[in-house]
Amino acid sequence: MASWLDYTINGLIVGNVYALVAVGLALIFGVSRLINFAQGSIYLVGAYIGWVAVVQLHTPLPITIIFVAVVAALVGLIIERFGLRPLQNSVRIAPLLATIGISFVLDQLVMLTFSPNPRALPSQLPDVRFQLGGGTIGPLDLLIAGVGISSALSLFVFLRYSKLGWAVRAASQDRDAAMQMGVDVNRVNQAVFGIAAALGGVSGLLVGMYYNQIDTAMSLQATLKGVVAEVVGGAGNVPGAVVGSLLLGLVESYGVAVFGTSYRNLFAFLLLVVVLVLRPNGLFASARQAPPEPLTGTFIAPSRPVRIPRWALAVAVAAFAVLPLLPVSFYMLQTLINAWLLGMLALSLTLVAGTIGQVSLGHAALLAIGAYTSALLSLTLAVPVGLAIIAGGLMSAALGTILISPSFRLRGHYVSIATLAIGEIVSLVILNWESVTRGPIGISGIPPLSLFGYDLISPNSVYWFSFAVMVALALLQARLLSSHLGRSFRAIRDDDIAARAYGLSLNRYKSLAFIFGGFAAGVSGGIAAHLYSYINHETFNTQQSILALTVVILGGLGNVVGAVVGAVALVGLPEIFRIAAEYRILIYGIVLLLLVRFRPQGLLGTI
Amino acid sequence: MTMSSPEPLLALTNVNTFYGQAQVHFGLSITVGRGHIVCLLGGNASGKSTTMKIILGLVKPRSGEVTFDGASLIGLTTPQIVRRGIASVPEARRLFADMSVRENILMGAFVRSDREAIAQDLDKMLTLFPKLGQRLSQRAGSLSGGEQQMVAMARALMSRPRMIVMDEPTMGLSPLYVDRVLELIRTINQEGVSVFMVEQNASLALEIAHEAYVLQTGKIVLSGSARTLKDDPRVRDAYLGGSEAA
C-alpha cells in the first residue's frame with residue numbers, strides 16, 4: 001500500500017512531465033493564439049526517437065536526451081514552416097484543424113515505421129528506490145524533476161534576458177505592435193515551435209522511460225493532458241501552464257489513490273470542463289487579461305455553394321436506392337452502408353460545426369450514447385430494435401445537449417476543447433459505470449436490426465434501411481435550414497454578439513442545433529450497434545470524431561448534400577482504390593491538411 | 001513657412017487599397033517632406049488608419065507606389081520597413097501590457113544592437129519624459145492613458161527613426177496631456193525627425209503641422225500648408241465646428 005507521500009511524489013513527477021508538454025502549448029498559444037493539437041505527436045516522436053537512440057544506437061543518457069530534443073525541434077520547425085505558416089492569413093480555426101491533420105499524419109508515420117505494438121523503453125538508470133519520509137523516490141523521478149526544473153529555469157532566463165525571448169513576449173502580447181518594433185514574427189514562431197517541440201519530445205522520452213513502455217496511443221493522451229494543464233493555468237500563460245500541470249498531476253494521482261486507475265483521465269477532463277465553465281481564462285488569469293474574443297471565428301470560408309438541381313438529387317437518390325438490385329458485390333454494399341452511417345454523423349456535425357459554428361471534436365460521444373442506449377434497451381428490456389434506435393437518438397439528443405450546455409458560453413477554440421473533453425468523459429463514464437455499461441467488457445450479442453418484427457439481416461435490407469434513414473434525416477435537415485430557424489443559426493455563427501443584440505437567445509438556438517444533431521448522430525450510433533452486435537467504450541473514439549469533421553469540411557461546412565458526398569468520398573474512395581487500412585488514417589490526415597490549405601470551402605461550398 | 005523640399009522623405013503615389021471587394025483608397029497621393037510634420041485629417045472610416053498600415057507594410061496596396069527616401073517600400077515586411085528608419089506610435093498606444101515600462105521602451109530599440117548607445121538613449125528618454133523615471137519597473141498596462149502615450153512615444157524614438165508615424169496620438173487623453181503630447185511632437189520634430197500623423201482633431205493637428213491632407217472616403221479632397229487649411233472655410237465647416245457641421 002503506497003503512502004500519501006508516494007501519491008504526492010508521483011503526482012508531482014507526472015505533473016512535471018505534463019508541464020514539459022503544456023509549457024510548449026502555452027508558448028505557441030501565446031504567440032499565435034493556436035492550440036497545437038500536434039504537440040502530442042511530437043511527444044510520440046520523441047519517445048520513439050528515444051527508443052531508437054537507447055535500443056539501437058546505445059547512446060548514453062545525456063546524449064539520448066539531446067538527440068531527442070534536437071530531432072523533435074526539427075520536426076517542430078518543419079510543422080511550423082510547411083504546415084502552419086502558409087495559413088497565416090486564413091480563418092482563425094484553420095491552423096487548429098491543420099495541427100489535427102498533422103498529428104494524424106505524424107502518428108500514422110510512427111505507427112507505419114515502428115508497428116502499432118508497444119515497445120519497451122529501458123530507463124538507462126539504476127532501478128533503486130530511496131526512502132524519503134514515508135515514501136520512496138527513484139533516480140528516474142529525480143531525473144524528471146531535474147529536467148522539468150532546469151527547463152523551466154532556462155525558459156525563464158530565455159524569455160527574460162535574451163533578445164529573442166523579448167520578441168516572443170512582445171509578440172504574444174501584441175503581434176502587430178511587435179512587428180512595428182521590427183520583430184520578425186515568423187522567426188518568433190519558429191523559435192517557439194522549436195522550443196515547444198524539443199520540450200515535448202523530451203517529455204515523451206521521459207514518460208516512455210517512466211512507464212517502461214511506449215505505444216502510438218500516447219500521442220492523443222499527451223495532447224489532451226497538455227491542453228488540460230494549459231487551459232487550467234490560463235491559455236498562453238507559461239508559468240500558469242507549469243502550475244496547471246503540477247495541479248493536474250496531483251489531482252490525477254490522488255484521484256487514482258481514492259477511486260482506482262481507470263478513473264485517472266476522468267479527473268483531468270472534469271477539471272478541464274469545470275475550469276472552462278467557471279474561469280475560461282484559467283485559474284491565474286488577471287482581470288486585465290484579454291478575453292477569449294480573438295479566438296472567435298469559425299471555419300466558414302466565404303464561398304458560393306454549388307447548386308445541385310432537385311432532379312439531379314432525385315436521380316442520385318433513386319440510383320443509390322436501386323443499386324442493390326444491380327449485380328454489385330457484397331463488399332460494395334457494406335462499404336456504402338458504412339458511408340450512410342458516417343453520413344448521418346456528418347449531417348449532425350455539419351449542422352453543429354457548420355451551420356451554427358460550434359466546431360465539435362467530440363462528436364463520437366453522441367454515437368456512443370445512441371449505441372449504448374439502443375443496445376441496452378433491446379438487450380435487457382427487449383424493446384423492439386426500431387424503437388430502441390429511436391430511443392437512442394432521443395437519448396443522444398437529450399444527454400448530448402445537457403452535457404454540452406455548460407460550454408454554450410464558450411467561443412472559438414474553447415468550444416473545440418470542451419467538446420473534446422466531454423467526448424472523453426462520456427467514453428470514460430462508459431468504461432467505469434460497469435453496472436450499466438458492463439465496463440471494459442463491452443456489450444455483446446446485440447440483436448440484429450429489425451423492423452416491425454422482421455429481422456433485417458440480408459445486406460440489401462440493411463442497405464435500404466440505413467439509406468432510407470439517412471435520406472430522411474437529410475431531407476429533414478434541409479427543410480430545417482431553409483426555415484427561419486436556419487437563418488437564426490447562421491446569424492449566431494457569423495456574429496454571435498450581433499445575433500444576441502437582435503434578441504436571439506444563443507442558448508436556445510445552440511440547444512436546438514445540438515438536439516437535432518444529437519438525434520441524427522444517436523440514430524447512426526444505434527444502427528451501428530445492432531449492425532456490429534458488439535460495442536465497447538472504444539468503438540466510438542476521437543478518431544471517428546475527427547473523421548466526421550474531415551467529412552464535413554470536405555463536403556463544405558453547413559452543406560447537407562456536402563455531408564453525404566463527403567462521407568461517400570472518404571469511406572468509398574479508399575475502398576475503391578483498395579488502400580490498406582493502416583494507410584487510411586494517414587490519407588484522412590493529408591486530405592484534411594490539403595483541404596484547409598487549398599479548398600477550405602470544401603467540394604460543394606459552405607452554406 | 002517652407003514648402004515641401006524637392007525630394008520628399010516619404011511619398012505615396014496613386015495608391016489604391018482594397019479590403020476584399022471594398023475599395024478603401026482611391027488614387028491616394030501624399031508626400032512628407034524632410035523635417036516636416038504632416039497631418040492626415042479625416043472622419044471615421046475615411047481610410048486614415050489604413051494609410052498608416054500601408055506605410056508600415058501591415059496592409060498591401062493593390063496598386064500604387066510607396067517610397068521612403070527614394071526607395072520603394074512595396075513588398076517589404078513590416079520589420080524591414082522599421083529597419084529603414086520608420087517608427088510608429090500605433091492607435092490606442094498598443095503597449096506590451098505585461099512587460100515593464102523599461103522593457104517597453106527598450107523594445108523600441110529592437111532593431112539596434114549598439115548596447116551602450118541604447119543605454120544612453122534610454123537616459124535621454126527619461127529627460128524627455130521625466131514622469132516615466134519613477135515608473136520604469138511598473139507594468140505598462142497599469143499606467144494611465146497619458147503615461148502610456150509617453151511610453152509609446154519614447155518606444156518609437158528608441159529606434160532612432162528618421163520618421164515617426166502616429167495614429168491619433170491625442171485620442172482619449174485629458175486636455176493636459178493633449179498639450180503635452182503636441183509639445184513633444186514639436187520637440188521631436190525639431191531634433192530632425194519627420195512626423196506623419198493621422199488625426200481626427202483638426203484644430204489641434206493644424207496647430208503643429210506644416211502641411212495637411214484631408215481624406216474623405218478614400219480620396220484626398222484638400223491639401224496644402226497647415227496655415228492655409230486652417231483658414232479654409234471647407235475645413236472649418238467640416239472639422240473646426242463650422243455652421244454646417246453642427
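Contact is taken here to mean heavy atoms within 4.5 Å, and domain bounds come from an automatic or database domain assignment. The model is predicted, so that local features need pLDDT of at least 70 and side-chain atom pairs count only at pLDDT 80 or more, whereas totals for chains, interfaces and linings use all residues. Residues are numbered from 1 along each chain as its sequence is written, chains are lettered from A and ligands numbered from 1 in the order in which they are written, and side-chain values use heavy atoms, with hydrogens and water left out.

Chain A is divided into domain 1 (4-284) and domain 2 (331-598), whose centres, taken over C-alpha atoms, are separated by 31 Å. In this pairing, 38 residues of domain 1 of chain A are in contact with 34 residues of domain 2 of chain A. The buried area (the accessible area, with a 1.4 Å probe, that two parts lose on being put together, summed over both) is about 3,200 Å² between these domains, with carbon and sulfur atoms giving 82% of it. Across this domain interface the rule finds zero salt bridges, a salt bridge being a side-chain nitrogen of Lys or Arg within 4 Å of a carboxyl oxygen of Asp or Glu. With helices taken as DSSP runs (H or I, at least four residues) numbered from the N terminus, helix 4 (93-114), helix 9 (218-233) and helix 11 (264-278) of chain A each supply at least two residues of the side of domain 1 that touches domain 2; the largest share, 13 residues, comes from helix 4 of chain A.

Between the chains, 18 residues of chain A are in contact with 24 residues of chain B, and the area buried is about 2,000 Å², of which carbon and sulfur atoms give 60%. A:Trp166, A:Gln180 and A:Met181 supply 37% of the area that chain A buries against chain B, more than any other three residues. Two salt bridges are counted between chain A and chain B; B:Arg94 forms a salt bridge with A:Asp174, with the closest N and O atoms 2.5 Å apart. Helix 6 (163-173) and helix 7 (175-180) of chain A are the elements that give two or more residues to the side of chain A that touches chain B, and the largest share of that side, six residues, comes from helix 6 of chain A.

A nonpolar core is a set of buried Ala, Val, Leu, Ile, Met, Phe, Trp, Tyr and Cys residues joined through side-chain atoms within 4.5 Å, where buried means under 20% relative accessible area (1.4 Å probe, protein chains only). Of the 207 residues in the largest such core, those that touch the most other members include A:Ile100 and B:Met107.

Notes
Buried < 20%, exposed > 50% of the residue type's maximum accessible area, 1.4 Å probe, protein only.
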